[in-house]
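Trainee: I've just opened this one and I'd like to know what backs up each label. Can we go through it together?

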Amino acid sequence: MKKIETSLENLKNDIRQFYNPELNHFIVMNAVDLGEKMEVQWFFCDYAFPCEVTTFYALISPDAEIPDLREIVASAWVAESELVDLMNIKIEHTTKGFVLESDSESGPLRKKNNYGKAI
């Protein structure tokens with residue numbers, strides 16, 4: 001797997017330069033709660049055999065707003081909507097309520113402190 005670091009400022013440009021829908025497809029977006037930071041990851045795979053997975057990642061503040069990739073990868077909205085609900089992160093043009101009901105726990109996949117509160 002190829003892992004490429006990016007930043008929120010460079011994300012769209014980096015993905016735009018890499019992504020070719022004829023050659024690779026978007027697999028999923030993920031977020032890893034590291035406590036004071038969040039690692040956000042975007043996974044792509046080549047169509048050609050042997051398929052290589054390329055991951056772009058950015059280390060961000062949990063309060064940062066992540067640019068959406070819909071103008072580059074149309075299907076990205078599904079993964080973006082899931083992460084907004086499950087990780088309680090902010091993604092441009094994405095609202096809560098795709099995966100979880102409005103009265104559900106906010107960010108159930110975030111790390112919790114000893115009192116059950118998201119940290």
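**Helices, sheet and labels**

Mentor: Let's start with helix α1, residues 11-18, which lies across β2, β3 and β4 and runs at about 175° to β4. Helix α2 lies across β2 and β3, at about 10° to β2. Keep in mind that this is a predicted model.

Trainee: What order do the strands of the open sheet have?

Mentor: There are four, in the order β1-β4-β3-β2, and the pairing is mixed.

Trainee: Why do β1 and β2 count as edges?

Mentor: β1 (2-5) and β2 (24-33) each have a single partner strand, so one side of each has no neighbour in the sheet. On average, neighbouring strands here are turned by 20° against each other, direction ignored.

Trainee: What makes β2 and β3 a pair?

Mentor: Two strands pair if there are at least two bridges between them. β2 and β3 have nine bridges, in the antiparallel sense, so they qualify under that rule.

Trainee: What is the N to O distance between K12 and E92?

Mentor: For K12 and E92 that distance is 3.6 Å, and their side chains meet in a salt bridge. K12 sits in helix α1 and E92 in the segment after β6, 80 residues apart. E92 is partly exposed, at 22% relative accessibility.

Trainee: And what makes R70 and E80 a salt bridge?

Mentor: Their closest N and O atoms are 2.9 Å apart, so they meet the 4 Å limit. R70 lies in the loop between β5 (65-66) and α2, and E80 in helix α2, so this bridge ties together parts ten residues apart in sequence. R70 is partly exposed at 27%, whereas E80 is buried, with a relative accessible area of 1%.

Trainee: Why is G107 called buried?

Mentor: The limit is under 20%, and G107 is at 0% relative accessibility, so G107 counts as buried. The place of G107 is in the segment after β6. Leaving out residues up to four places away in sequence, G107 touches D85, L86, M87, N88 and K112.

Trainee: How far is the C-alpha atom of G107 from that of A48?

Mentor: They are separated by 36 Å, and the two residues are 59 residues apart along the chain.

Trainee: Why is H93 called exposed?

Mentor: Exposed means over 50%. H93 has 60% relative accessibility, so H93 counts as exposed. N88, at 31%, counts as partly exposed.

Trainee: Which peptide bond is cis?

Mentor: The one from F49 to P50, with omega near -10°. P50 is in the loop between β3 (38-46) and β4 (53-60).

Trainee: Which residues make the nonpolar surface patch?

Mentor: W77, V78, F98 and V99 make a patch of about 320 Å². Patch residues need over 30% relative accessible area. F98 has 40%, so F98 counts as partly exposed, and F98 lies in the segment after β6.

Terms used
Residues are numbered from 1 along each chain as its sequence is written. This is a predicted model: local features need pLDDT of at least 70, side-chain atom pairs count only at pLDDT 80 or more; totals for chains, interfaces and linings use all residues. Side-chain values use heavy atoms; hydrogens and water are left out. Helices (H or I, at least four residues) and strands (E, at least two) are DSSP runs, numbered from the N terminus. Buried means under 20% relative accessible area, exposed over 50%, partly exposed in between (1.4 Å probe, protein chains only). Patches are made of residues with over 30% relative accessible area and no salt bridge: like charges are joined within 9 Å, nonpolar side chains (Val, Leu, Ile, Met, Phe, Trp, Tyr) within 5 Å. Accessible areas come from the Shrake-Rupley method with a 1.4 Å probe; for residues, only the protein chains shown count as cover. Axes are lines fitted to C-alpha atoms, for helices over the stretch in contact, and angles run from 0 to 180 degrees between N-to-C directions. Contact means heavy atoms within 4.5 Å.
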